Amino acid sequence: MSHSIPSIGFISLGCPKALVDSEQIITRLRAEGYAIQPDYKSSDVVVINTCAFIDDAVEESMQAISEALNENGKVIVTGCLGAKQGVVEKAFPDLLAVTGPHAADEVMTAIHRHLPPDTDPKLSLIPPGGIKLTPRHYAYLKISEGCNHRCTFCIIPSLRGDLVSRPVAAVMDEAEGLISAGVRELLVVSQDTSAYGLDTRYRNDFWHGKPLKTRFLELSSALGELGAWVRLHYVYPYPHVDEVIPLMADGTILPYLDVPLQHANYDILKAMKRPANAENVLRRIEKWRDICPDITLRSTFIVGFPGETEQQFEELLGFLETARLDRVGAFAYSPVDGATANELPNPVDEEIKQDRLQRFMQLQEEISEQKLAERVGNIEEIIIDGRDEEGIIGRSKGDAPEIDGMVFIEGNDDLKAGDIVRAKITGHNAHDLWAEIEK
């Protein structure tokens with residue numbers, strides 16, 4: 001007699017924080033014996049973890065829900081789009097359940113209701129470190145949920161709530177478990193990484209019998225002692241961020257800082273409710289580079305924010321030329337439903353927004369190519385991600401997966417994903433590097 005295993009199809013959309021939520025749900029599903037299937041036909045129920053950060057993300061999520069209902073019919077929706085009261089339910093009244101983000105318990109309850117778990121204990125096996133949706137050699141480590149800021153372009157606090165930091169011992173236990181399972185690179189993420197511990201008043205905790213404060217600096221230092229690459233993302237530019245730069249200089253953590261600056265003009269930053277002193281930011285960048293000359297700085301910006309004039313945009317371009325950031329992402333302002341910035345006067349015409357975005361990214365491409373050219377001849381550590389028909393593909397310490405550049409390594413060395421090698425940089429374009437293994 002054949003044994004039918006209850007099966008779940010899972011679609012994860014959105015940012016790395018949402019990906020961690022998906023990993024936590026899938027780990028619990030596998031622990032209870034559910035099979036995770038890659039297609040609608042093999043799935044008894046489909047779970048979709050949605051995104052709602054910008055309109056394109058909402059549209060992608062809505063399309064995914066529609067497709068899953070058409071192809072399978074039994075669908076549970078979770079994630080940020082589910083937190084927008086009534087939007088999903090009104091569009092798709094036949095869903096089995098709808099929850100907001102970071103709601104593993106609610107998702108599991110809905111799954112149990114519509115597809116009870118198998119009780120065969122032989123099926124309830126999960127690998128060390130839980131189920132991961134990333135390659136085996138790197139993993140996202142989420143240290144907190146929510147955000148206390150009220151940036152006018154953002155609706156994350158209304159979807160995920162205020163800052164809630166995870167206990168520092170729990171974060172360290174997870175990190176240690178991931179490294180024991182073969183992870184070589186930890187990507188630290190949250191909505192506001194550098195605010196870690198603020199909500200706990202930086203409570204003292206204990207890990208492995210030693211005191212450890214629930215704070216950004218102490219956590220960064222402790223993670224760096226575990227022996228893996230540690231990369232910091234979504235770091236709001238508080239003054240105390242300066243304290244982690246020496247950890248990068250001495251090799252405790254990677255010399256990489258992802259700081260979303262959003263703009264450079266005082267009035268635009270004030271309208272965004274962001275720190276509004278570009279000159280101070282430039283001084284801090286200079287100081288960071290003095291302390292850690294190899295630091296890679298990544299940032300994101302918004303062009304075409306309501307009220308942005310051509311002069312204010314030119315000021316942003318001037319900031320970009322002066323700051324010479326290594327990695328930059330940008331997008332044209334999108335009036336996300338629920339964002340208070342939508343109420344600001346003088347919205348920028350869509351054609352102008354797209355023109356400014358193109359000009360901004362063209363300038364950054366020129367800066368990026370110049371900065372990568374300066375690295376030709378350097379010998380750098382490269383983490384291997386895999387290979388294609390032309391050779392080995394890896395990343396430098398200055399490249400996060402998915403969002404930054406790659407390093408293409410010549411030769412057919414017997415290397416596998418997660419290996420870290422020394423290689424000489426031999427070439428470049430505007431985004432990527434070429435290298436050869438140092439013998």
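User: What should I know about the model and its numbering before I start?

Analyst: This is a predicted model, in which local features need pLDDT of at least 70 and side-chain atom pairs count only at pLDDT 80 or more, while totals for chains, interfaces and linings use all residues. Residues are numbered from 1 along each chain as its sequence is written, and side-chain values use heavy atoms, with hydrogens and water left out.

User: How many helices and strands are there in the protein chain?

Analyst: Helices (H or I, at least four residues) and strands (E, at least two) are DSSP runs, numbered from the N terminus. The protein chain has 12 helices and 20 strands. Its radius of gyration, taken over C-alpha atoms, is 23 Å, close to the 22 Å that the globule rule (2.2 Å times the number of residues to the power 0.38) gives for 439 residues, so the chain is as compact as a globular protein of that length. Along the principal axes, the C-alpha atoms fill a box of roughly 70 × 60 × 50 Å.

User: How do I read a sheet, and which order do the strands of the open sheet have?

Analyst: Strands of a sheet pair through backbone hydrogen bonds, either parallel or antiparallel. Two strands are counted as paired if DSSP finds at least two bridges between them. Here an open sheet of five strands has the order β2-β1-β3-β4-β5, with parallel pairing. At the edges stand β2 (35-37) and β5 (97-98), each with a single partner strand, so one side of each is left without a neighbour in the sheet. Strand β4 (residues 75-79) pairs with β5 in the parallel sense over two bridges, and I76 has A97 in β5 as its bridge partner.

User: Which helices pack on that sheet?

Analyst: Contact here means heavy atoms within 4.5 Å, and angles run from 0 to 180 degrees between N-to-C directions, with axes being lines fitted to C-alpha atoms, for helices over the stretch in contact. Helix α2 (residues 55-71) packs on the sheet by touching β3 (45-50) and β4, and its direction makes about 175 degrees with that of β3. Helix α4 lies across β1 (7-12), β3, β4 and β5, running at about 175 degrees to β4.

User: How is a pair of packed helices described, and at what angle do α1 and α4 cross?

Analyst: Two packed helices are described by the angle between their axes and the distance between the axes. The axes of α1 (residues 16-31) and α4 (residues 104-114) come within 10 Å and cross at roughly 40 degrees. The two are therefore oblique to each other, given that angles under 35 degrees count as roughly parallel, over 145 as roughly antiparallel, 65 to 115 as roughly perpendicular and the rest as oblique. In α1, I25, R28 and L29 meet A104, D105, V107, M108 and I111 of α4.

User: What is the relation of α11 to α12 and to α10?

Analyst: Helix α11 (residues 310-323) and helix α12 (residues 350-373) pack at about 15 degrees with their axes 10 Å apart, and they are therefore roughly parallel to each other. Their contact is made by E310, F313, E314, L316, L317, L320 and E321 of α11 and R356, R359, F360, L363, Q364 and I367 of α12. Helix α10 (residues 278-291) also packs with α11 at about 15 degrees, the axes being 11 Å apart, which makes α10 roughly parallel to α11. That contact joins A278, V281, L282, I285 and R289 of α10 to F319, T322 and A323 of α11.

User: Which strands close into a barrel, and in what order?

Analyst: Five strands close into a barrel in the order β16-β17-β18-β20-β19, with mixed pairing, and the twist averages 50 degrees from one strand to the next. Strands β16 (residues 379-388) and β17 (residues 391-396) run antiparallel and are joined by six bridges; I382 has S396 in β17 as its bridge partner.
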